[in-house]
Amino acid sequence: EDNRCASSNAVSCTKCLALGPECGWCAQEDFISGGSRSERCDIISNLISKGCSIDSIEYPSVHVIPSENEINTQVTPGEVLIQLRPEAEANFMLKIHPLKKYPVDLYYLVDVSASMHNNIEKLNSVGNDLSRKMAYFSRDFRLGFGSYVDKTVSPYISIHPERIHNQCSDYNLDCMPPHGYIHVLSLTENITEFEKAVHRQKISGNIDTPEGGFDA
């Protein structure tokens, strides 16, 4: 048979192993005394028959290591670590199983300008109602919360000295300063924490046109 390992005249382990997945390199010091270094490159059975100890043969094998302990995934394994040699092949199984209840992360990005005051109050009651309804669809449901107003420059907000710190003076309210985006609450399964974050939220103000909330 054609033996590309032996016929290659490879004189280093690196060159030998790059020839193909069937090639091995004998690193035994007293292997074939006086012979050519290229004789150290051969298929495993030939190296053993020539007297090379199996422990002295460099022959990187193929390794497939799938990730473990995965939950809420439709395809497992989600990650596979594979160690290959040139022209070598590796096989592994993928399991596909549709989830009955999908994990859901819901992040509220809320416009807290003064004109949205009523909507923010309504959001206070959403947490529990939504969590109860989502229980029919997901066992892993999390809520998060962030706020935005507008760009903090003219013409998006009023830069009049009397209104620069309180955009809501026309509403007789003490508002928080305008902001492009503030992250308020990271995703959590604790619905009470979500409701508290919404309840603590102060409104701010801007100039209704033009809108500049795309940054958020």
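**Figure 1. Three disulfides in the predicted model.** A search of the whole structure finds 3 disulfides, a disulfide being a pair of cysteine sulfur atoms within 2.5 Å. This is a predicted model, in which local features need pLDDT of at least 70 and side-chain atom pairs count only at pLDDT 80 or more, while totals for chains, interfaces and linings use all residues. Residues are numbered from 1 along each chain as its sequence is written, and side-chain values use heavy atoms, with hydrogens and water left out.

**Figure 2. The disulfide of Cys5 and Cys23.** The S to S distance in this link is 2.0 Å. The link of Cys5 and Cys23 is left-handed, with -85° about the S-S bond. Helices (H or I, at least four residues) and strands (E, at least two) are DSSP runs, numbered from the N terminus. Both Cys5 and Cys23 are buried; buried means under 20% relative accessible area, exposed over 50%, and partly exposed in between (1.4 Å probe, protein chains only).

**Figure 3. The disulfide of Cys16 and Cys41, with Cys13.** Cys16 is joined to Cys41, S to S 2.1 Å. The link of Cys16 and Cys41 is right-handed, with 85° about the S-S bond. Cys16 belongs to helix α2 (residues 13–17) and Cys41 to strand β2 (residues 41–43), so the pair ties together parts that are 25 residues apart in sequence. Both Cys16 and Cys41 are buried. The closest cysteine sulfur to that of Cys13 is in Cys16, at 6.6 Å, which is too far for a bond. Cys13 is partly exposed, with a relative accessible area of 24%.

**Figure 4. The disulfide of Cys26 and Cys52.** The two sulfur atoms are 2.1 Å apart. The torsion about the S-S bond of Cys26 and Cys52 is about 95°, so this disulfide is right-handed. The pair links distant parts of the chain, 26 residues apart: Cys26 is in strand β1, and Cys52 is in the loop between α3 (44–49) and β3 (57–58). Both Cys26 and Cys52 are buried.

**Figure 5. Contact of helix α5 with helix α6.** The axes of α5 (residues 126–134) and α6 (residues 191–200) come within 9 Å and cross at roughly 150°. Axes are lines fitted to C-alpha atoms, for helices over the stretch in contact, and angles run from 0 to 180 degrees between N-to-C directions. The two helices, α5 and α6, are therefore roughly antiparallel to each other, the term for angles over 145 degrees. Gly127, Asn128 and Ser131 in α5 meet Ile191, Phe194 and Glu195 in α6, where contact means heavy atoms within 4.5 Å.

**Figure 6. Backbone at Pro77, Asn9 and Glu87.** Most residues other than glycine have a negative phi, and most peptide bonds are trans. Thr76 and Pro77 are joined by a cis peptide bond, with omega about -5°. Pro77 is in the loop between β5 (75–76) and β6 (80–83). Asn9, a residue other than glycine, has a positive phi near 60°. Asn9 lies in the loop between α1 and α2 and is exposed, with a relative accessible area of 52%. Glu87 is not a glycine either, and its phi is positive, about 70°. Glu87 is found in the loop between β6 and β7 (95–96); at 58% relative accessibility, Glu87 counts as exposed.

Technical notes. Parallel < 35°, antiparallel > 145°, perpendicular 65-115°, else oblique.
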